[in-house]
Amino acid sequence: MRNPEMFISLIKIVVVLVIMLTAVAYIVLLERRLAAAIQNRIGPNRVGWQGFLQPLADVLKLVLKEDIVPKSANKFIHDLAPVISISVALTTFAVVPFGDHITLFGQNIKLQIASVNVGILYILALTSLGVYGVTLSGWASNNKYSLLGGLRSSAQMISYELAMGLSIIGVVMLAGSLELDKIVQAQAGWKWNIFLQPIGFITFVVAAFAETNRLPFDLPEAEPELVAGYHTEYSGLKFGLFYLSEYANMLTSCAIITTLFLGGWQLPFLDGLGLPDFWLSLFHVGAFCLKVGVVLLFFIVIRWTIPRFRYDQLMNLGWKVMLPLTIANLLATGFVILLFE
Amino acid sequence: MSSNQHPKIIHKKDLTFWQKLYIPEILRGLRLTLAQIFRPKFTRQYPEERWKPPASFRGRPVLVEENGVERCVACGLCARVCPALAIEVQGSETELWKERYPVKFEINMLRCIFCGFCEEVCPEEAIVMSDEYELTFTSQEEGIFGKDKLLMPAVKLKDRLEFLRQHR
């Protein structure tokens with residue numbers, strides 16, 4: 001390789017992708033086991049030790065299923081939609097810093113795939129692209145339930161994208177940068193944004209639930225009303241891609257919440273332990289994974305706690321509560337910053 | 001009730017301020033769901049843990065076997081009463097004191113509806129509902145149970161026979 005930088009990036013991409021896909025598979029298992037536990041059941045525990053090979057069996061099943069495309073569907077877009085969904089879900093992770101620096105084989109490697117200087121804009125742009133996957137799949141299926149699901153999804157995204165963007169701006173104002181790396185560094189010690197921006201944190205988490213179509217806001221696939229919503233007409237591997245992208249989205253959202261509000265890879269007491277550099281950076285990655293895991297558990301438990309919102313309630317919450325709240329939070333943050341500088 | 005009476009108006013209780021905030025209520029909900037995780041599970045791990053039905057359970061019908069011989073005298077009442085026409089009996093004479101015995105006794109388990117009429121009608125207490133509920137076959141022919149599969153020693157059916165004597 002003539003260009004070591006590129007080579008390192010390639011390795012990072014492969015490693016992160018493999019870890020992410022494995023993690024997603026096991027989030028599915030975790031969700032099923034936890035859901036079962038909450039409902040006083042046991043859950044899948046037959047395939048492998050405690051069901052540890054269940055994700056593999058699921059994937060195998062999905063691959064072996066017939067891929068059915070409805071006669072009146074738009075074939076090209078029907079094929080394209082899951083690809084959009086999954087690629088958006090996976091590429092968003094590219095800008096999330098999962099550690100500081102690590103020195104391996106004499107190379108100083110930054111633990112982030114792409115250090116984009118407008119990282120937050122990148123995230124916002126890609127997550128709003130994700131809605132195309134859902135909406136197009138709803139439209140291309142030529143099924144009324146799918147279409148309704150797709151429409152709901154686009155309306156929901158528009159309402160919550162605004163609140164999401166505005167709640168991030170408070171964080172950006174505090175850090176003074178759009179770079180995720182800088183935002184993490186600005187939260188050193190206990191200066192986590194969850195304490196400095198509690199309202200921003202709450203609104204962002206709520207918007208993240210809406211963005212990932214997770215339960216209190218899973219109207220696009222509300223099964224009592226819309227069969228399965230936008231993926232009613234999908235089967236086999238294409239359905240699997242939607243399923244995968246839902247969980248990948250969840251993982252990415254948790255990573256972004258961790259980065260923006262929970263101090264990213266930092267743990268306040270870790271730096272004071274006087275560990276060697278190599279181990280310190282490994283612990284940073286560990287801290288990041290731990291925080292993401294906690295947020296993931298929260299996502300999963302919430303799904304089995306809160307019932308689905310009604311459509312008008314969803315819109316009310318988005319436009320009449322979240323939006324004014326985030327704007328007020330923005331103003332308050334601005335005043336405080338002006339006062340102290 | 002006269003129809004011109006106004007229906008009673010039910011006022012919905014307004015939510016309190018804290019309930020309107022959602023978040024305390026969500027936390028309460030979370031406490032409930034998290035508490036459920038540590039409660040005992042209801043699931044029975046089936047092939048390892050099997051359910052032992054009570055004596056009143058109507059499992060697959062079997063022929064009671066006593067001292068190596070079935071009690072059945074091939075009267076054909078069970079075949080007559082069977083609403084699903086699942087039973088076929090062919091009788092013949094024997095040297096034993098009961099004088100008649102079934103040469104052929106077949107129950108088509110694909111037709112059987114587990115109503116227990118055969119057991120009720122049997123004058124000899126020869127056909128009873130066992131506690132077996134695991135019935136699987138891979139072909140229709142396998143679903144027809146002959147005497148070889150139907151005979152069951154009376155010792156195994158003690159609970160059911162006891163139950164029948166008490167409640168009939």
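1. Across the interface of chain A and chain B, the rule finds 1 salt bridge; the term stands for a side-chain nitrogen of Lys or Arg within 4 Å of a carboxyl oxygen of Asp or Glu. A:Arg46 forms a salt bridge with B:Glu48, with the closest N and O atoms 3.1 Å apart.

2. This is a predicted model, in which local features need pLDDT of at least 70 and side-chain atom pairs count only at pLDDT 80 or more, while totals for chains, interfaces and linings use all residues. Residues are numbered from 1 along each chain as its sequence is written, chains are lettered from A and ligands numbered from 1 in the order in which they are written, and side-chain values use heavy atoms, with hydrogens and water left out.

3. At the interface, 17 residues of chain A are in contact (heavy atoms within 4.5 Å) with 18 residues of chain B. About 1400 Å² is buried between the two chains, 66% of it on carbon and sulfur atoms; buried area is the accessible area (1.4 Å probe) that two parts lose on being put together, summed over both. In chain A, the residues that lose the most area to chain B are A:Asn40, A:Ile42 and A:Arg46, together 39% of what that side buries.

4. Chain B has an open sheet of 3 strands in the order 3-4-6, with antiparallel pairing. Strand 3 (87-93) and strand 6 (144-145) of chain B each have a single partner strand, so one side of each is left without a neighbour in the sheet. Strands are DSSP runs (E, at least two residues), numbered from the N terminus, and two of them pair if DSSP finds at least two bridges between them.

How values were computed. Helices (H or I, at least four residues) and strands (E, at least two) are DSSP runs, numbered from the N terminus.
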